[in-house]
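I opened the model today to look up a few contacts and strands. My notes follow in the order in which I checked things.

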Amino acid sequence: MSESCKTELRREKVNRLVNIAPSRLDLETVRQKLASARGKHYWRSLEELAEQPDFQELLHREFPRQASEWTDEVSRRNFLKLMSASLAFAGLTACTRQPTEHIVPYVRQPEETIPGKPLLFASAMPFGGHAFPVLVKSDMGRPIKVEGNPDHPAGNLGTDLFAQASLLDMYDPDRSQAVTVLGDVSTWGKFLESLQGPLVSQKPLKGAGIRFLTERSTSPTLASQMRAVLLAFPEAKWHQYEPVNRDNSRGGAQMAFGEDVAAQHRLENADIIVSLDANFLSSTENPQFLRNAAEFGRRRKADLKEKINRLYVVESTPTITGAKADHRLPLRAFEIEQFARALMAQISGGGGDTRFGNFLSALAKDLTAHRGSSVVIAGETQPPVVHALAHAMNDALGNAGRTVVYTDSVEVSPEGFRGCVDSLQDLNNDIQAGKVDLLMILGGNPVFDAPADLNFNENNQQLMKVPLRVHVGLYQNETSNICQWHVNQAHYLESWSDARTFDGTPTIIQPLIDPLYSGRTMHEVLTAFSNQPGLTSYDLLRAYWQGQHPGDFENFWRKSLHDGFVPGMGLQPRQVTLRSRDFPATSARSAGSGIEIVFRPDENIYDGRFANNGWLQELPKPLTKLTWDNAAVMGLNLAQKLDVVSEDLVEIELRGRKLKLPVWIEAGVPDQSVTVQLGYGRTHAGRVAQGAGVNTYRLRLSDAMQFASGAKLGKVDGHYQLAATHHHHNMEGRALVRAATVKEFEENPRFAHQELEEPSPGETLYFNYDYSKGYQWGMAIDTGSCIGCNTCVVACQAENNIPVVGKFEVTRGREMHWLRVDRYYTGTYENPKTHFQPVPCMQCEQAPCEVVCPVAATVHSTEGLNDMVYNRCVGTRYCSNNCPYKVRRFNFFLYSDYDTPVKKLMNNPDVTVRSRGVMEKCTYCIQRITRARITAEKEFVGAQHAYREIEDGEVKTACQQSCPADAIVFGNINDRNSRVSKLKAQPYNYSLLADLNTRPRTTYLAEVMNTNDELTGPDLMKEVENKVVTQEKEG
Amino acid sequence: MKHPPIWGLLAEFDGPNSLVHASERAHAEGFRKMDAYSPFPIEELSEAIGFHRTRLTLIILIGGLLGLLTGVAMQYWISAIDYPLNVGGRPYAAWVAFVIPCFELTILFASFSAVVGMLALNGLPLPYHPVFNVPEFSRVSRDGFFLAIEASDPRFDTAETRKFLQGLRAVGVWEVPH
Amino acid sequence: MAQIFHRSANSLARFSILAVVFILVAIGGALSELQRSSYVTRQNEVRVQTPPFSHQHHVGGLGIDCRYCHTSVEVTNFAGIPPTKTCMNCHSQIWTNAPMLEPVRASFREGKSLRWQRVHDLPDFVYFDHGIHVAKGVGCNSCHGDVDNMPLMTQSKSLLMEWCLDCHRAPDKYVRPHQVVPERSGMLEAQKDLPPEHRDEGTIERQQAEYALFNARDQVFNVRYQPPSAFNPITVKFERWKGHEGETSTFTDQASLGRALIHEYNIRGPKEITSCNTCHR
Amino acid sequence: MVPQGPTETLRETAMQADDPVLAPGHNFVTITEKVIAIPLRRGTPLWWIGVFAIAFGIMNVMLLVIAYLFIKGVGIWGVNIPVGWGFAIVNFVWWIGIGHAGTLISAILLLLKQSWRNSINRFAEAMTIFAVMCAALFPVLHTGRPWLAAYWLFPIPLTMGVWPQFRSPLIWDVFAISTYFTVSVLFWFMGLIPDLASMRDNARTTLVQRIYGMLAMGWRGSARHWKRYETAYLVLAGLSTPLVLSVHTVVSFDFAASLLPGWHTTIFPPYFVAGAIYSGFAMVLVLAIPLRALYGVEDMITMRHLDNAAKVMFATGLIVAYGYFMEFYMAHYSGNPWEIFMMTNRSNPSVGPYAPAYWALIATNIAIPQLLWLRRVRRTPWMLFLVSCVILVGMWLERFVIVITSLHRDFLPSSWGFYIPTRYDWAVFIGTLGLFTSFFFLFLRLMPMIPAFEVKTLLPEAKVHK
């Protein structure tokens, strides 16, 4: 039985965590020992090394077994299961006999580490060059959770989903784990040697043959390093390329003001927000996302403390920003420029433009009525001119300085401002001209994501002729595949570095753990060019900042590290002057003709860099609810024209380039337009990314990076199954989400309660339990503030050790997310109003699931929690059947990964890792509640040492803490003054399926919209009819 | 008392009627330690040999009540006393729910006591019995109708009783050894 | 055909029925015993440790406080296993070249951790927090037994769930005060009653000194703590019991002391602390 | 328990129906001979070997699948969230239903003094036992970890000090099913004892004598024994009558006690019981019709039996039909949106993907059985056989419709899903058919399938005249 105990239910307990600690030392020794070996010998020497037990752990971590969560052959652990089963049949009762475990304490315990007491470190995630401030929770030297850093002046509350998921990236066993040359394992030392030759020969040439290709960056240290390098090699060139970038807005600023400035929006001051294809509520487009979400969310609360803002969205594809719009106008991307011009005209007194119905006029009127309290935001998908127009409009409306301020650009540019595509083109030209001898690709994956017409890949003869090609990156990818040398980069959670948030505040990035795979930072790579070998990035960082702060450096340094930012260095708003008000039209090639293809970074895996991240791959996309794939997202009319339904295959032909994609029909997509997400179809990536989606970069051309007209689509034979978690568009006439306009709300504040017969409080056949004493936990979710960004879902997954099940299992309806964000549509199918509704466990006071459990594995706690005892669960699944909210999840197979040691390090030690055959569900993060209670009960306050109660806000659930829009509030509903009980007292607070009298502890705050009377807003009462039912057809 | 040389006498009759008839006569004669054997149940037969009522029903009743009691006690103790848990807001002692196991246990215990009681009172299993010594007795499960009078009966006398039985138009009479 | 079975078959049949019944009952009993047996619970099982650390010597003999080594016992869920450094604090001065301690020195020299066999090991799905138990007045040896008499550490309690429940259902049976008000013990009283010539003032002073020292300790960590009795009355000064702040009272039985401490420590009711989420997450 | 004046009843029956319950020309000897001949005298017929071989093979395939199930988990089935229960529960309910006929025939018909039960109750009871065994298999399998379910569901003093949760219908199931199984076995075995005695007395070799002798426990047909035997048998019948009704009632609580539209229905208990008897009698006929021909026992299992069984079956079938109608009616009469949608989703092909299953159910369970109005169908064995088969299919479909269509679309459209059975679902289902057949054939081969001593009581000469 002991075996079964091992596998039955396992948690990384403190003692087991401790015995990882020394293996860091082993890593060092290994590095030294391996420094001599190379190629085949490397492996043999590994064998020789594997004597001390800790090394086994290490060995696994370095070369993990093939053990993806959803592998389908009977593996070792399953045989253990069988053994345990047969033993059990032999009549042995409960598996109480514990296997012998070992405790491996420190030799010298570090000062601050106390086993079982996690520490928080302030750091930042560099993303698209910009910093996203974070606090990282570290348990026994192991980062186990990423949270937002609310103290940061950038003004964010939570995080975004990428920050949450970056944790999994760090522990990813598929990350590149060694320096390689031509695929053979080599060493850092050998790499540096190999650079010496070229550098010596380049010295006299002033480095004319050296080219650096990096991603966008805001790191002051890196900038100064590059400056130094370019000083040493004046002829060398530094190029930057990112497939998804901020070039259009920068270009727009150039066009409008003639200088490289960045616009910062102040949504808290905006009563009217106009988005011209701007997805400003998503981190995939806007580095100001966290602040936008916070301020937007605050202005959408129905308590009316602040006036609810009004959001107009004109967009070329459905986004979560469009989902929150009060008035939304779907236009094809190229039409939006015309719309912008027309709007500009109307604002500046013109008129009579009827192309866009009364939408335009009403909007113009509304804007002019809100001078100084409105803001127009242009999206990255739109060409610079639209941004310029937006600036012009803000200027005309006197918004500048109020709702939008201008600062210098945060991004570090090599020489002046050059767009990514141009920069890459320059590089390519030099390569074609054979000018390049040493190509340093620092990060990124241009071979995969460069514009197709640049042909920046192995087929590029000249590129392959470049004598020395070096790639530095987290993964062995398409790019490293065409380089001789690959240097494995250290993850940001493993490295010393710095970066700046959108507002310019520098943030020190500090490591939470020694590089698992001895990765290197960009800073260390660059030391090879400035003759300062052997300097660690820590030294470089300190050196740079010492230069900035000659004064009391140590204190400055300690404070910056502790707070997670360098105070007082944010960029100051500056005056800019508009150069003109009418701008040359962009030559949108063959605009309008044929079907338009819109390229968008994927909501989950961005430009492809997160393709190997299981959490993100399995995350249902906010609107399509697709997982594990991208698709040709189109509206119903186009689909009918093409005679396709979802999951049929179409071939897209764009200027002679062909690509087959599965169709997904979606509400609100403009007619004659198809949206494709970027980043899928990786060919050289980890096990997770393999076979996920189609590479749409193959259609993306340097002169049509955002959208392209004139595409032809044709149905082709075949069916491709997509894994969607939510097939339904409507609510079948059930009042699940409730929304009203401000007027309706003011007329009837209790509008959320009308539709259904609610049982009177305390209505029951039996007696009522007394929940009036002690803590009684409850949650209120504000559907008005919720922007459906999915961050909470990933946060929950990270906090609660929720496994990834893989595409096949998702198609079978077995995804494990404890928290899901439901999406419903009202209005018309062509242009619906989208409603988001996060659904965790409702913690019903009269829980239907509990009554039917035969073994009392789920029962009620005295604090009103619906406890789930995994080790008691036998797996009848009756509770799930009887749960009207279907929030329970079942381990149909052994989904949790017991085999990959490195994955164990990532697990939250406070949460049981569930085994096969066990039901699981949201627990309101009981581990956090318990920790808070224990802390409170050990502390005494006042002279008489009265006992301290848990304060309001002391316990935050993972979803609540991560929410960038503050849409989730959790707390003690017995405390009249707690935020949650105040919210629950609101008239627009309602419980889901109240008529079942389950008495949910989780309730919802209805959404209140601020529609314009002159426009017919979405009909909130009318539901779209359910259109796409492909899977249901198969049923 | 002294051990009789034989177990008793076994007489066969040609059918239910004559067997019942004979049994009644023998009982009237005053024979008590006797028994009748038939291939299928014959109500009148047990009456004829003066066997009127059995205590079996009482045993079953007791068994049933015991089952009921077990059900009530067990469920109440477990759910309300030993580990009271708030299950979906239902009472600790949820009588409505407890009815069913109580009912089932009642039936179970009663049925057991019925079968076990029947066997016990019949003194079964009893693979060896003197009457089996008579070869013809093997027909008892087919078409044989027998009457046996035991030697231990005070009014028994091998010769007399044999004559008496033959007087009842027995098809055959055999001495049954121990 | 005559008889198929021999006479003996009758008694045989009856016996076999009894036998079956008996065997079934026996198996049931055996299993019930097995699941609680020390084989399954590994109770009192001596684990070989290198070096063979003796609590008897260090705690019983030298009277070192638990917290000297188990530093985090009051702070976190994990009591803490001392780093080699802690051992070397003393053993760099004394027994500096005792062969038994070579592993310790080796560990310190080479920076290689010692490997201890875990003795008290709860199932991985059970979440136990030392800190809160200590804070609420659960004594070390209430769960770990008389460690001061253990040459090698053994698990002295079953650690089965029913064992945990026993205390969680009635904590007042076990809780003890952190601080007791020093007072003279019953034995000293006896000395007092003796006529002066038989009295041994030396003993009294020595004993008084001992008791003073003894009582000054935090009783939760006092391995020699005895529950109150007529001969061993215990006086406690309440600080946090609402309405009794600052009161002092003497107890001669655990029951009443326990009830008082429940208030003093604000220990939640049995229903609360037998809720599943107390130990399972 | 002997029917009041069998001769009278026989004459009456002779008047109302042309077939007697026992063909003329039998006497005590011939009955016994005929019954015991099957296991003792005749050899093993070829068709027996053939069928048994196939059934046994199928059963072993199932065992392999079960092993795989225990290694991998229930994920190999089509179950998911929201459809947490699939074939396992469908089959469970189906088999339990079938398991109702035996006890019903032996108990209720006994109390109602229906003389025609006497020759069919034995194998009907055997069928019950094996059906319940098949049924009991599924709750164990469907957790995928039976080594826990095996004992946590019973009130055993385990070391965690946690007990079963008696408010859960599943615990009621545990008690109902185990009680029902035990009582059925007792009932069956008790009925066997006198016939085991005659097997003993007529066996040719000592070994066989000994084996049956042991089972017969020295039964010697003493008048005292008969008296107690009859008492016990009657009481047992009295006990199993409410029991047999309770079992499917309790099973229906698994659904009725939940809050799921389509499950939470007050009509379930009666209509489940009716359905159970419906399928049970169908199975009895499916077995009886070929057997009487193959073993040539038409004279003991006569047209009378088939006709009466068909009538009972048809009557219960009509109750079931009423049940369906009430479900539909109540859904719309109540005006409850959940209920209305549930019925629409079940029955409207343009809404519900499983509507075909529903209409197939109506056809097989209501439409086709209407043929039973016709005397000719009831009295033509092969027709009756086919109708019974159709009904068995129909009853399986009923359970499928109830379990799957109610689950796959419940309250929140966001969590709606589908259930598509995998090959492992089918393997286990078909496997139980193999298991059932194998066990039943073993019974036929080894035990007297007709209770000779009860049939004898039907003979005129068994009656005592005063």
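**Entry 1: the salt bridge.** I started with a charged pair between two chains. The side chains of B:Asp82 and C:Arg169 form a salt bridge, with 3.9 Å from N to O. I kept in mind that this is a predicted model. The cut-off for a salt bridge is 4 Å, and the pair at 3.9 Å falls within it. I then asked how many salt bridges the rule finds across the interface of chain C and chain B. It finds one.

**Entry 2: the rest of that interface.** I looked up polar contacts next. Eight residue pairs are in polar contact across the interface of chain C and chain B, both residues at pLDDT 80 or more. Which helices of chain C supply at least two residues each to the side that touches chain B? I noted α1 and α9 (161-169) of chain C. Helix α1(C) gives the largest share of that side, five residues. For contacts overall, I noted 16 residues of chain C against 16 residues of chain B. The buried area between these two chains is about 1500 Å². Carbon and sulfur atoms give 58% of that area.

**Entry 3: one residue of α1(C).** I picked C:Leu31, which sits in helix α1 (residues 8-36) of chain C. Its relative accessible area is 31%, so I logged C:Leu31 as partly exposed. I also checked its separation from C:Pro227, which is 196 residues away along the chain. Their C-alpha atoms are 35 Å apart.

**Entry 4: a sheet in chain A.** I moved to chain A and its strands. Three of them make an open sheet, ordered β2-β3-β4, with antiparallel pairing. I followed β2(A) to strand β3 (residues 130-139) of chain A and found nine bridges in the antiparallel sense. One detail for the record: A:Pro126 has A:Ala131 in β3(A) as its bridge partner.

**Entry 5: a covered strand.** Last, I asked how many of the residues of strand β38 (residues 968-972) of chain A are buried. Five of its five are, and I wrote the strand down as mostly covered. Strand β29 (residues 777-782) of chain A pairs with β38(A) over five bridges, in the antiparallel sense. Opposite A:Ile781 I found A:Ile968 in β38(A).

Terms used. Residues are numbered from 1 along each chain as its sequence is written. Chains are lettered from A and ligands numbered from 1 in the order in which they are written. This is a predicted model: local features need pLDDT of at least 70, side-chain atom pairs count only at pLDDT 80 or more; totals for chains, interfaces and linings use all residues. Side-chain values use heavy atoms; hydrogens and water are left out. Helices (H or I, at least four residues) and strands (E, at least two) are DSSP runs, numbered from the N terminus. Buried means under 20% relative accessible area, exposed over 50%, partly exposed in between (1.4 Å probe, protein chains only). Two strands pair if DSSP finds at least two bridges between them. Contact means heavy atoms within 4.5 Å. Buried area is the accessible area (1.4 Å probe) that two parts lose on being put together, summed over both. A polar contact is a pair of N or O atoms within 3.5 Å; within protein, one must be able to donate a hydrogen and the other to accept it, and residues adjacent in sequence count only if both atoms are side-chain atoms.
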